[in-house]
Amino acid sequence: MAILGAINPMLSVGLDGDNAWRLADYVKRDGYSSLRRILESGIGQGDVINEVKKSVLRGRGGAGFPTGLKWSFMPRSFPGDKYVVCNSDEGEPGTFKDRDILRYNPHAVIEGMAIAAFAMGATRGYNYIHGEVWEIYQRFEEALDEARAAGFLGRNILGSGFDFDLFAHHGYGAYICGEETALLESIEGKKGQPRFKPPFPASFGLYGKPTTINNTETFASVPYIINMGGESYLEAGKPNNGGTKLFSVSGHVNRPGNYEVPLGTPFAALLEMAGGMRGGRKLKGCIPGGSSAPVVPGPTMMDCTMDYDSISKAGSMLGSGAVIVMDETTCMVRALERLSYFYYEESCGQCTPCREGTSWLYKVVHRIEHGNGRADDLDLLASVTTNIMGRTICALGDAASMPVQSFIKHFRDEFAYHIENRKCLVPVDVQRAGSGFFTATA
Amino acid sequence: MLTSESLKRIDREIAKYPADQKQSAVMAALAIAQEQQGWLSSEAIEAVANYLGMAPIAAYEVASFYNMYDLKPVGKYKLSVCTNLPCMLTGGVDAGEYLKRKLGIGFNETTPDGLITLKESECMGACGDAPVMIVNNRRMCSWMNPEQIDKLLAELK
């Protein structure tokens with residue numbers, strides 16, 4: 001099944017059949033009616049942007065920036081090429097929602113991009129799809145063919161005089177390309193190293209032309225907003241946090257998977273939908289927004305609601321909605337070691353503080369985990385993070401630092417125990433049992 | 001160097017981009033060349049660069065930056081296992097260890113018969129399906145418990 005559970009869903013309605021992703025099924029679900037209405041009833045570009053502004057749709061890729069505002073930065077009257085680009089380079093550990101959107105509802109993304117292109121006066125678009133999901137990329141190509149054949153893409157769409165061409169670009173394994181300017185470099189056929197900003201993509205983007213980049217889920221939400229109206233969409237969530245959102249729940253739960261719920265839904269309700277904690281064990285900690293978001297201790301998390309404001313109050317970020325659940329069998333040092341390795345491996349190497357700093361973070365956490373920690377290592381880690389943060393072109397350096405700071409802040413005793421006793425507070429066989437690998441039958 | 005079938009596929013990729021932006025097709029073209037040859041030799045990278053009218057070093061920069069390109073020969077099947085945190089919590093690391101034991105090789109090694117290369121991989125964007133692995137960059141395998149891994153290995157002969 002596409003989505004394992006939902007409360008008042010939009011994006012995941014009617015996706016259970018094998019052909020739900022096809023154009024015919026999408027049209028039966030009212031698909032392309034938003035685009036048709038805009039093009040046939042003479043709704044203006046500004047009206048579309050206003051509707052999106054009213055919905056308070058916030059970027060679903062991680063930053064949570066208001067989408068309507070972003071669209072209004074595009075110079076609509078600029079002559080020449082303009083681009084809309086979809087960021088489906090979903091590689092933030094814990095996040096796997098865009099894969100399911102593209103797998104089960106690709107036409108919602110296509111329609112959303114076409115509406116965005118109309119609103120911003122763009123005539124060409126690309127969807128940058130994560131390298132590891134080849135089958136999804138192939139399906140998206142097929143969906144594009146369907147949309148072209150039906151006249152929803154290409155020249156003179158639905159006889160309106162509006163032209164928009166959309167293509168898929170397949171990534172090949174680089175987390176950094178989820179950063180929007182690295183993604184643009186990558187489409188241009190270069191290594192994916194982020195650009196210095198300003199200029200921002202709205203003035204100097206793909207091939208130097210004005211460009212707007214949004215996440216897959218953001219674009220997919222647009223047709224629903226146009227259909228139901230911005231205000232109704234906002235009301236489906238909570239003030240300042242419009243609409244529903246897909247949450248990818250992974251880790252120590254009984255039913256890992258994607259769940260669509262209104263923003264503002266209690267974390268406890270989401271956890272229950274995901275089948276609750278595996279083996280009925282206790283929640284030790286939770287990373288609520290993908291690996292770059294600070295970890296939140298279990299008891300604090302149980303009091304949160306799933307929206308940008310509540311998670312931010314708890315000292316973390318809603319990010320991409322990737323909820324990584326860790327129970328008491330988790331060694332927090334080992335968990336951080338793996339994350340630190342990830343950022344060290346994926347740093348693009350352009351900025352010295354990040355290139356060198358992520359290596360230091362990994363090496364020091366690694367030696368603590370392996371029984372060679374030194375008494376002043378926690379201070380050393382803190383100092384490395386402050387020397388990375390705010391000193392790099394993109395946010396990867398900050399993303400590598402925030403887990404280190406938050407894990408040590410909330411689980412300091414466990415790190416100190418590791419350093420003092422040269423072993424883990426959680427016995428290795430307990431950790432192993434927690435993963436369930438050798439007992440799995442399904 | 002590149003077969004006419006590969007060139008035809010590369011042409012389809014070039015057509016996606018503005019006429020003066022052929023270089024945009026380099027990622028796809030390198031992937032196609034790798035599929036044809038099993039890995040990316042310097043000659044293959046140069047052939048791609050020449051076909052797209054870009055400097056060979058620029059194509060090499062791309063080939064060495066993205067981690068799904070293999071700049072050295074790999075086994076007939078490349079098996080990449082995700083061990084990142086969300087997968088680790090649900091057995092990704094254990095699956096890697098299980099494969100190492102079964103195949104008698106470590107990460108970045110190839111079985112003596114040249115059949116399987118084992119790789120540790122970063123997030124594939126499929127954490128809900130953990131443990132996850134990919135065969136030859138193309139086929140994703142989900143929920144890989146010991147039984148499923150045994151079945152996959154039996155199939156890859």
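View 1. Arg58(A) has a relative accessible area of 15% and is buried (under 20% relative accessible area; exposed is over 50%, partly exposed lies in between, with a 1.4 Å probe and protein chains only). This is a predicted model, in which local features need pLDDT of at least 70, side-chain atom pairs count only at pLDDT 80 or more, and totals for chains, interfaces and linings use all residues. Residues are numbered from 1 along each chain as its sequence is written, chains are lettered from A and ligands numbered from 1 in the order in which they are written, and side-chain values use heavy atoms, with hydrogens and water left out.

Arg58(A) forms a salt bridge with Asp309(A), and their closest N and O atoms are 3.8 Å apart. A salt bridge here is a side-chain nitrogen of Lys or Arg within 4 Å of a carboxyl oxygen of Asp or Glu. Arg58(A) sits in the loop between α3 (45-55) and α4 (67-72) of chain A, while Asp309(A) belongs to helix α13 (residues 308-313) of chain A, so the pair ties together parts 251 residues apart in sequence. Helices (H or I, at least four residues) and strands (E, at least two) are DSSP runs, numbered from the N terminus. Asp309(A) is partly exposed, at 32% relative accessibility.

**View 2. Glu35(B) meets Arg138(B) in a salt bridge.** Their closest N and O atoms are 2.7 Å apart. Glu35(B) lies in helix α2 (residues 26-37) of chain B and Arg138(B) in the loop between β4 (133-135) and β5 (139-141) of chain B, so this pair links parts 103 residues apart in sequence. Glu35(B) is partly exposed at 44% relative accessibility. Arg138(B) is buried, with a relative accessible area of 14%.

**View 3. Lys78(B) and Asp70(B) form a salt bridge.** The closest N and O atoms are 3.0 Å apart. Both Lys78(B) and Asp70(B) are buried.

View 4. Over all chains, the whole structure holds 33 salt bridges.

**View 5. Six strands of chain A make an open sheet.** The order is β1-β7-β6-β12-β9-β10, with mixed pairing. Two strands pair if DSSP finds at least two bridges between them. At the edges are β1 (5-6) and β10 (296-297) of chain A, each pairing on one side only.

**View 6. Strands β6 and β7 of chain A run antiparallel.** Six bridges join β6 (residues 244-251) to β7 (residues 257-262). Val249(A) stands opposite Gly257(A) in β7(A).
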